[in-house]
Amino acid sequence: MRTAAVPLIAAVIALAASPAIAQDREQVKIAFERALPNVEGKKMVAVTVTYPPGAKSLAHHHAASAFIYAYVLSGTIRSQVGDEPAKIYHAGESFYEMPGSHHRVSENASDKESASLLAVFVVDSKDGPLTKPDKDPGSQ
C-alpha cells in the first residue's frame with residue numbers, strides 16, 4: 001500500500017502462540033484468494049486487518065511482486081511506506097503500495113477505538129509469503 005497495510009500473515013502464527021503480545025498487534029484474516037483467470041501466473045488475495053486500540057504491525061516488506069490496494073473499513077490507520085511521510089487514513093479512504101515497498105508504519109491511530117482495513121494483493125501465484133516482518137535489530 002502506498003502508505004498500508006498491511007498485514008502480517010507470518011505474524012498471525014506467532015501471535016496465536018503468544019496471547020499477551022496479540023493485544024498489541026493486528027489480527028489478519030484471509031477473506032478471499034483466487035487465481036486470476038485472465039492474467040496468467042497472478043492471483044488476488046484479500047485480507048482484513050483489524051487493529052485493537054493502540055495496536056500496530058511490525059515494520060515489514062510484502063512479497064516482491066505484490067501490488068496492494070487498501071481500503072479503511074473503520075477507525076483511523078496511520079501508515080508510512082518508504083521515505084514518504086506518515087499519513088492518517090480515515091474510514092472510507094484508500095491508498096496503495098507499489099511492489100517492493102518497505103512498510104515502516106502501519107498502526108491504529110487511536111488508543112481508544114478499533115480500526116480495520118481491507119488489503120487486496122495482486123501478486124505472482126508462486127510469490128510468498130505475502131508479508132515478511134523486518135528482522136529485529138538485535139537478531140541474527
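## Strands E2 and E9

Tyr 51 sits across from Ala 115 in E9. Strand E2 (residues 42–51) and strand E9 (residues 115–124) run antiparallel and are joined by 10 bridges; two strands count as paired if DSSP finds at least two bridges between them.

A word on what we're looking at: this is a predicted model, where local features need pLDDT of at least 70, side-chain atom pairs count only at pLDDT 80 or more, and totals for chains, interfaces and linings use all residues. Residues are numbered from 1 along each chain as its sequence is written, and side-chain values use heavy atoms, with hydrogens and water left out.

## The fold

The protein has two helices and 10 strands, in the order α-α-β-β-β-β-β-β-β-β-β-β along the sequence. Both kinds of element are DSSP runs numbered from the N terminus: helices are H or I with at least four residues, strands E with at least two.

Five strands make up an open, antiparallel sheet, ordered E1-E2-E9-E4-E7. Strand E1 (27–35) and strand E7 (94–97) are the edges, each pairing on one side only. On average, neighbouring strands of this sheet are turned by 20° against each other, direction ignored; the axes are lines fitted to C-alpha atoms.

## Salt bridges

There are five salt bridges in the structure, each a side-chain nitrogen of Lys or Arg within 4 Å of a carboxyl oxygen of Asp or Glu. In one of them, Lys 43 meets Glu 33, with the closest N and O atoms 3.0 Å apart. That pair links strand E2 (Lys 43) with strand E1 (Glu 33), 10 residues apart. Lys 43 is buried at 16% relative accessible area, whereas Glu 33 is partly exposed at 44%. Buried means under 20%, exposed over 50% and partly exposed in between (1.4 Å probe, protein chains only).

Lys 42 and Asp 124 also form a salt bridge (2.6 Å, N to O). Lys 42 is in strand E2 and Asp 124 in strand E9, so this pair ties together parts 82 residues apart in sequence.

## Surface

Of the 140 residues, 39% count as buried.

Phe 67, Tyr 69, Tyr 71, Leu 73, Tyr 96 and Met 98 make a nonpolar patch of about 540 Å². Patch residues have over 30% relative accessible area and no salt bridge, with nonpolar side chains (Val, Leu, Ile, Met, Phe, Trp, Tyr) joined within 5 Å and like charges within 9 Å. Strand E4 (residues 67–74) gives the most, with four residues. Tyr 69 is in strand E4 and is partly exposed at 38% relative accessibility.

Definitions and conventions
Accessible areas come from the Shrake-Rupley method with a 1.4 Å probe; for residues, only the protein chains shown count as cover. Axes are lines fitted to C-alpha atoms, for helices over the stretch in contact, and angles run from 0 to 180 degrees between N-to-C directions.
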